[in-house]
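Welcome, and thanks for taking a look at this one with us. Please open the structure below and keep it in view as you read.

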Amino acid sequence: MAKLSDPITILKGVGPAKAKLFANLDIFTLRDLICHFPRGYEDRTQLVTIDKLEVDKPACFKAVVMNHPRTNHIRKGLDLTKVQVADHTARLSLTFFNSRFAAENLEYGREYIFYGAVSGDFIGYDMTNPVFETLDSAPVTTRRILPVYPLTAGLNNAAVLRAVRQALAVCDPPQEIIPEAVRREHGILPAERAYYAIHEPASMEEAELAKRRLVFEEFFVFSAGLSLLRASRAGKATAPYADTDLTAFYEALPFRLTGAQRKAIDEIRADVVRGVPMNRMVQGDVGSGKTMVAAAAAYLAVEDHHQAALMAPTEILAEQHFQSLQRLLEPLGVRVELLTGSMKDKDKRIVRERIALGEVDLVIGTHALITDATVFQDLGMVIADEQHRFGVAQRSKLSAKGRDPHVLVMSATPIPRSLALIMYGDLDVSILDELPPGRQAVDTFLVGESYRARINAFIRKQVAEGHQCFVVCPAVEENEELGIKSAEVWADTLQQTVFPDLRVLLLHGQMKGAQKEEVMASFAAGEGDILVATTVIEVGVDVPNATLMVIEDADRFGLSQLHQLRGRVGRGSAKSYCILTTHNRNGETIARLKAFCKTTDGFKIAEEDLKMRGPGDFFGRRQSGLPAFRVADLSFDLQTLKDAQEASARWIDTFGTSDAPEAAALRERISELFYRAEGTMN
Ligand code: ADP
Ligand code: MG
């Protein structure tokens with residue numbers, strides 16, 4: 001018997017080359033293979049007669065071969081094999097392209113089961129490339145329910161199917177983790193049966209049951225994980241902060257805080273004097289001023305003689321936070337330092353030493369903060385900016401550097417309420433639903449290529465007025481996909497031919513950290529008129545003097561992403577604009593982009609985005625740092641999620657400490673779910 005953790009190369013027919021293809025699907029072990037679930041099924045169980053075949057609807061039928069197959073060599077690389085078949089209702093001519101298999105295996109006078117669709121544009125019926133099997137062979141491609149797998153170039157459905165079958169034959173499916181009582185109560189299939197039936201269902205009903213079980217299982221693991229996190233925190237105590245007077249902080253600010261900012265800060269103040277570690281999320285649209293809330297939280301910790309850490313997802317953002325917070329807080333006596341991966345080793349070492357000695361009060365950085373080399377003297381407050389980029393694991397790794405520090409996470413991704421409650425069920429939430437005064441809505445337009453001259457004239461006008469422009473392209477380099485703008489090429493074009501007299505800067509994710517920083521810093525300092533960039537600028541970067549955001553091939557971006565990009569302008573007092581260009585003529589796409597032009601409400605846009613792309617993408621692994629569900633679909637399976645949440649809540653006491661094999665397996669699955677594939681930031 002093989003183990004689930006064995007590599008797929010132990011299977012027959014899976015050599016190094018095939019394994020590479022499977023790796024494209026994130027399949028490395030037998031477990032991965034068994035957990036590679038079909039995205040749908042083709043019901044090939046029903047046999048019809050030839051006269052009942054419908055145009056373009058594939059079906060199975062039994063027929064006799066009526067002549068010897070004839071193959072014509074049409075030209076190099078194209079052979080056509082033709083053969084007539086019939087049952088008692090009708091005749092049908094079949095055509096195979098380049099199929100030696102058909103030419104050699106279809107025998108005159110013999111009966112076969114075929115599966116294919118007739119096309120109706122010929123006189124009479126015609127069918128191309130049906131699959132077929134003899135009546136006495138085991139059903140593989142006909143007379144069964146065929147799973148349809150997600151594929152990758154070079155790997156077809158049959159190859160995946162064969163590998164999955166073998167895997168199921170050589171090892172036991174993943175262990176049961178749902179207690180029997182729960183299974184009985186909810187009519188859930190046992191693990192063994194479900195993992196088998198999802199790949200080899202005897203009926204469509206069984207496929208449905210198997211899927212339901214696996215959806216339940218995913219949610220069960222997820223909810224159980226959240227319950228454990230919550231339970232482990234509930235038992236924790238921390239020394240309550242003395243209630244700090246924030247007057248000095250408020251007076252140091254260059255502006256008055258909005259009501260929403262004050263309210264969020266008050267909520268944080270109330271948290272830190274309670275004697276229980278805070279676990280709060282601040283959710284606010286781009287530009288709502290989350291940084292100041294973070295600053296207040298850090299200030300509270302420092303005033304109570306603890307250290308604070310602010311973790312940003314990119315170097316650019318860390319650098320920017322460092323500059324603005326240093327300016328704000330150092331006059332108040334807070335010692336602020338920066339720690340990022342691209343700093344010189346020597347500088348990093350010095351900063352780390354000072355952190356360990358308690359000579360730094362607030363350290364701002366990227367994930368360099370969470371490496372083992374960083375040790376705090378007394379970390380009391382952990383703040384994660386743009387939290388959707390960090391995983392649960394990364395947050396908890398930073399937390400582990402203090403003794404149950406307070407945790408504050410900031411998110412600019414408005415998450416539809418129904419989902420937020422579920423996904424962040426373990427967090428308290430403050431919402432910044434008010435923009436700083438003087439902000440005007442960013443006027444947004446959707447235009448086609450015919451507007452190019454006008455766009456250029458508009459860019460020139462903004463620059464002439466002393467402002468700066470962003471131009472965002474979907475790709476870094478020239479793409480094979482025709483006509484998609486690349487940042488490199490477009491920056492070059494703009495500089496060489498369109499605006500030779502203006503200063504065009506280029507910024508993209510493939511540049512080195514220090515180089516990116518330099519470009520961003522010089523743009524922020526007004527040393528460039530136009531910044532051509534990829535989505536690296538999406539997160540948080542602040543250049544109040546920028547008034548125009550041009551997004552090329554806007555249909556390539558998700559709506560939430562467009563919203564983030566648009567949020568890069570309109571941060572100063574001057575009127576700002578966002579121009580979306582597209583070549584796309586798809587009616588739905590255009591409607592979606594037009595709707596985007598008319599709304600500025602991030603929550604509405606998020607709802608729309610969720611509908612269009614589904615939570616799989618919305619909460620995509622890389623985007624959210626949240627576990628990606630394999631089978632479950634949050635927009636359809638909410639009831640199952642509620643059931644699983646209730647069930648897992650009732651079992652928390654049991655599986656938290658139980659040494660039953662089910663409980664151990666569940667704990668293992670939880671850590672896998674929360675910790676898998678994290679560390680893929682940037
Ligand atoms: P985000 O919520 O997107 O992180 P920031 O914290 O970057 O927003 O703030 C956006 C801009 O608004 C910054 O330039 C910041 O200095 C400014 N800002 C924040 N709060 C206020 C306020 N209450 N009044 C005026 N400007 C503010
Ligand atoms: Mg921000």
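This is a predicted model: local features need pLDDT of at least 70, side-chain atom pairs count only at pLDDT 80 or more; totals for chains, interfaces and linings use all residues.

The points below go through the ligand site and then a helix contact.

*Around ligand 1*

- Ligand 1 is surrounded by 16 residues, and the closest are G287, K290, T291, R439 and D542.
- The backbone also takes part: an N or O atom of the G289 backbone lies 3.0 Å from an oxygen atom of ligand 1.
- For S288, a polar backbone atom is 3.4 Å from an oxygen atom of ligand 1.

*Helices α18 and α19*

- Helix α18 spans residues 559-566 and helix α19 spans residues 587-598; the two pack at an angle of about 35°, and their axes are 11 Å apart.
- The crossing of α18 past α19 is right-handed.
- On the α18 side, L559, L562, H563 and R566 make the contact, while α19 contributes R592, L593, F596 and C597.

Key:
Residues are numbered from 1 along each chain as its sequence is written. Chains are lettered from A and ligands numbered from 1 in the order in which they are written. Side-chain values use heavy atoms; hydrogens and water are left out. Axes are lines fitted to C-alpha atoms, for helices over the stretch in contact, and angles run from 0 to 180 degrees between N-to-C directions. Helices (H or I, at least four residues) and strands (E, at least two) are DSSP runs, numbered from the N terminus. A crossing is left-handed if the near helix is turned anticlockwise from the far one by less than a right angle, and right-handed if clockwise. Contact means heavy atoms within 4.5 Å. A residue is near a molecule or strand if one of its heavy atoms lies within 4 Å of it. A polar contact is a pair of N or O atoms within 3.5 Å; within protein, one must be able to donate a hydrogen and the other to accept it, and residues adjacent in sequence count only if both atoms are side-chain atoms.
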